[in-house]
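Hello,

I am passing a structure on to you, together with some notes on its charged side chains. Please have a look at it first and then read on.

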Amino acid sequence: MGRPGPEAGPEGRITGSVVAEGKGKSGDQDVGRALIRLGLAWQDRRGPSSAQLRSLEQEARREEVGLWQQEAPTPPWAWQE
């Protein structure tokens, strides 16, 4: 069975997931989740979000990794205004 197609998200935007195919024991990895876990991306708070994404971001904040090393990082939705 194929992967699901894109879905319309907040404001009619097309949303989806990027999956990196892993080799060996690592298996496939959701790139968005990996970026949030490493502190390289925010979860999008404008639309529905999973508890797992919130948890990954909270963990990155606690560990002060990636952008969370900054005292007050600017989220992309604030920067674009």
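Arg61 is partly exposed, at 34% relative accessibility (partly exposed lies between buried, under 20% relative accessible area, and exposed, over 50%, with a 1.4 Å probe and protein chains only). This is a predicted model, in which local features need pLDDT of at least 70 and side-chain atom pairs count only at pLDDT 80 or more, while totals for chains, interfaces and linings use all residues. Residues are numbered from 1 along each chain as its sequence is written, and side-chain values use heavy atoms, leaving out hydrogens and water.

Which residue does Arg61 form a salt bridge with? The partner is Glu57, with the closest N and O atoms 3.0 Å apart. A salt bridge here is a side-chain nitrogen of Lys or Arg within 4 Å of a carboxyl oxygen of Asp or Glu. Arg61 and Glu57 are separated by about one helical turn, because they are 4 residues apart in helix H2.

Helix H2 covers residues 51–63 (a helix is a DSSP run of H or I with at least four residues, numbered from the N terminus). Glu57 is buried, with a relative accessible area of 2%. Leaving aside residues up to four places away in sequence, Glu57 touches Ile36, Trp42, Gln43, Arg45 and Trp68; contact means heavy atoms within 4.5 Å.

The whole structure has 2 salt bridges. Arg33 and Asp30 also meet in one, at 3.6 Å from N to O. Arg33 is partly exposed at 27%, and Asp30 is partly exposed at 23%.

Best wishes

Note on methods: Helices (H or I, at least four residues) and strands (E, at least two) are DSSP runs, numbered from the N terminus.
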